[in-house]
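Dear colleague,

I am passing on the structure below, and after it you will find my notes on what came out of the analysis. Please read them with the coordinates open beside you.

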Amino acid sequence: DRPNALPRQQSRPAASSATSRAPRPDSPGPDRHRRAGWRLSPGAQRHRPPAPAELKRQFGYCRQLCAALGLPVLARDGTLVAGVIVGILFGLEFLLIYRGLIYTAASRATLFIYLAPFFVVLGSRWLFTGDRFRIMQWTGLVLAFAGMVTAFGVPAPASSPHQLIGDLMMAAAAAAWAATTLVIKASSLSRISPEKTLLYQVAV
């Protein structure tokens with residue numbers, strides 16, 4: 001026998017069955033849900049816990065703050081569908097820009113992305129029959145684009161198929177930008193605050 005051997009630790013007494021079965025106040029489970037008064041679908045219970053009561057109270061605080069600042073961004077005004085469409089277009093625009101820059105140069109991307117005003121003009125002629133550009137407006141638009149070409153240079157022909165893909169992605173991003181502008185102008189988003197329109201764009 002080893003003289004310096006440590007004595008074995010005494011085993012802890014087993015907790016009573018009543019104590020071991022008692023749920024903790026902060027433990028997840030149906031008892032906690034019932035105590036808080038939450039009503040969840042079975043799918044939500046399986047995949048994620050519900051929002052805590054403290055967070056739900058903050059929703060009301062945010063609504064009161066926006067109302068005090070004159071920004072009814074959380075009011076129900078029938079703009080949800082148009083707002084979701086604008087948010088999807090906004091996200092698609094930046095997705096195309098970031099992915100397109102992998103294949104093409106930034107100088108070429110700048111010229112293609114600023115095709116958006118021309119797409120807006122073409123879309124306005126189709127959506128808004130009374131919206132017509134006069135000769136001076138067309139001249140200003142062409143001069144503005146000519147200034148961009150002068151600043152960044154005329155893009156050379158695509159040197160590879162990948163660069164052409166990047167250019168097309170930038171042109172598609174410009175079309176998404178123009179579509180965002182046209183949807184805002186043609187839908188109920190045109191009568192709400194710009195802050196709520198921006199909220200749709202960044203939230204979706």
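Throughout these notes, two residues are said to be in contact when heavy atoms of theirs lie within 4.5 Å. Please also keep in mind that this is a predicted model.

Glutamine 201 sits in helix H10, which spans residues 194–203, and since its relative accessibility is 13%, where buried means under 20%, it counts as buried.

Of the 204 residues in the protein chain, 24% are buried. Among the contacts in the protein chain with a separation of 6 or more, 75% are between residues 24 or more positions apart.

The crossing in which H7 passes H9 is right-handed. On the H7 side the contact is made by Ala116, Phe119, Val120, Gly123, Ser124 and Leu127, and on the H9 side by Ala171, Ala174, Ala175, Trp177, Ala178, Thr181 and Leu182. Sorted by class, the residues in this contact of H7 with H9 are ten nonpolar, three polar and no charged ones.

Apart from its neighbours within four places in sequence, valine 120 is in contact with Ala178, Thr181 and Leu182. Valine 120 and alanine 178 are 58 residues apart in sequence, whereas their C-alpha atoms are 5.0 Å apart in space.

Turning to the aromatic residues, I found that the structure holds four aromatic pairs. In one of them, the ring centres of tyrosine 114 and tryptophan 177 are 6.0 Å apart and the ring planes are at 65 degrees, so the pair is edge-to-face. This pair links distant parts of the chain, 63 residues apart, with tyrosine 114 in the loop between helix H6 (106–113) and H7, and tryptophan 177 in helix H9. Tyrosine 114 counts as partly exposed, at 37% relative accessibility, and tryptophan 177 is partly exposed as well, with a relative accessible area of 32%.

Phenylalanine 118 and phenylalanine 145 likewise form an edge-to-face aromatic pair, with 5.5 Å from centre to centre and 90 degrees between the planes. Because phenylalanine 118 lies in helix H7 and phenylalanine 145 in helix H8 (residues 135–152), the pair ties together parts that are 27 residues apart in sequence. Phenylalanine 118 has a relative accessible area of 21% and is therefore partly exposed, and phenylalanine 145, with 24%, is also partly exposed.

With kind regards

Terms used. Residues are numbered from 1 along each chain as its sequence is written. This is a predicted model: local features need pLDDT of at least 70, side-chain atom pairs count only at pLDDT 80 or more; totals for chains, interfaces and linings use all residues. Side-chain values use heavy atoms; hydrogens and water are left out. A crossing is left-handed if the near helix is turned anticlockwise from the far one by less than a right angle, and right-handed if clockwise. Helices (H or I, at least four residues) and strands (E, at least two) are DSSP runs, numbered from the N terminus. Ala, Val, Leu, Ile, Met, Phe, Trp, Tyr, Cys and Pro count as nonpolar, Asp, Glu, Lys and Arg as charged, and the others, Gly among them, as polar. Rings of Phe, Tyr and Trp (its six-membered ring) pair if their centres lie within 6.5 Å; planes under 30 degrees apart count as stacked, over 60 as edge-to-face and the rest as tilted. Buried means under 20% relative accessible area, exposed over 50%, partly exposed in between (1.4 Å probe, protein chains only).
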